[in-house]
Amino acid sequence: MSKQLSTQTSPDGVPTGLALLNKIGLTVNVWSGKQLLRSDFDEMRSFLDEAAAAGFGYAELGGCGLGVVMAGQVQRSRLAALRDSLADCPLRLTLHSAWFSSGRTGNLLDATSASVQYQGLRADLEVAAAIGAEVLVYHAGVLANRYSDGAELAAGMATEREQLRDLADEAGARGIMIAVENRAPTPAVLTRRSYGMRLDLVAEQVREIDHPQVSMCLDVGHAYLAASYLQYDYLAAVKAVAPLVGHLHFHDNFGRMAKQPEADAYELELLGEGDLHLPPGWGTIPLAEVLAVPYPREPAVIIEMRHARHYAEALETTRGMLTAPIRA
């Protein structure tokens, strides 16, 4: 069969793959191998400088590891220390919300606590603005009540849309995009009602929010696990939502559900199960085909992996996927 390049053409005529080559980033957070929680930020800055020297263009900071947002409020001296550590940083920055939509925090879907959650996300937005982050990532919400019904889910989604629109107005004034991330089939999601495992429903929520500062964060690993669990066509679903994707989380796994939720990260790696966040190429996700999909918004490609010291290998692999020919 004939071959075609994976660098598709965007509406402005620039090959998408080539544009994304300059937008590859990596995450720095508490589970990636860089333990930032309550730490001195000097080590983090050294790591960011190393990443820039290696050829990365972006870094995504994990808000939950920074110790800047406490009780829904910004801790001023801690934020000042973070800003000082990032002065003249050679990488462009994004921020993952400190509020991870676990059913306990960051969860605008839960109408009973959405006002409190909203304050926490506003604090995240303030942190993002202070460090010059271009994107704030928000996990699609889940309902706290395990026994909620479809009516509660619909009401929660309406609440989430309303509050994300309000946050997006402020985000726009600060030059920040909010990206709603799809969810993996984890216990926090499976034991509660959520729309986030289905890419089509996340895309529908973003469309209904209908705000220029709200897009979709496509997490390719979460989607791969969800496609296996819900039995939908992975690449077809990715292609369908691509026009809404303003941010991309890039990592690998084997598409196997974690059969024992209490297993720790080491055990899950041995079993090859769950949301492993492996470096690209270590699992079985068709990542080259994912990158061959045209993304009109030209999102940053954030390598969100646990084995942080393999960042140079991950960058080389991702670049290779963006430029190597694929079979039509």
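Which strands does helix 4 (residues 114-130) lie across? Helix 4 lies across strand 6 (92-96) and strand 7 (135-139). Against strand 7, helix 4 runs at about 155°. Keep in mind that this model is predicted.

**The barrel**

A barrel closes from 8 strands, in the order 2-3-6-7-8-9-10-11. Their pairing is parallel. From one strand to the next, the twist averages 30°. Strands of a sheet pair through backbone hydrogen bonds.

Select residues 24-28 and residues 300-303. These are strand 2 and strand 11, and they run parallel. How many bridges join them? There are 3 bridges. Next, pick Gly 25 in strand 2. Opposite Gly 25 stands Ile 302 in strand 11.

**Helix 2**

Move to residues 42-54. This is helix 2, which lies across strand 2 and strand 3 (58-62). Helix 2 runs at about 160° to strand 2.

**Helix 3**

Select residues 76-85, which form helix 3. Color Arg 78, Leu 79, Leu 82 and Ser 85: these residues are buried. Turn the view to look down the axis of helix 3. The buried residues fall within an arc of 125°, so they line one face of the helix. An α-helix has 3.6 residues a turn, so residues three or four places apart point the same way.

What do the buried residues of helix 3 pack against? Their partners are helix 2, strand 3, strand 5 (73-74) and helix 4. Finally, select Arg 76, Ser 77 and Asp 84. These exposed residues sit on the face of helix 3 turned away from its buried side.

Note on methods:
Residues numbered from 1 in each chain as written. Predicted model: local features only at pLDDT ≥ 70, side-chain atom pairs only at ≥ 80, totals over all residues. Heavy atoms only, no water. Pairing = 2+ DSSP bridges. Helix = DSSP H or I, 4+ residues; strand = E, 2+ residues; numbered from the N terminus. Axes fitted to C-alpha atoms, helices over the stretch in contact; angles between N-to-C directions. Contact = heavy atoms within 4.5 Å. Buried < 20%, exposed > 50% of the residue type's maximum accessible area, 1.4 Å probe, protein only. Arc of directions from axis to C-beta.
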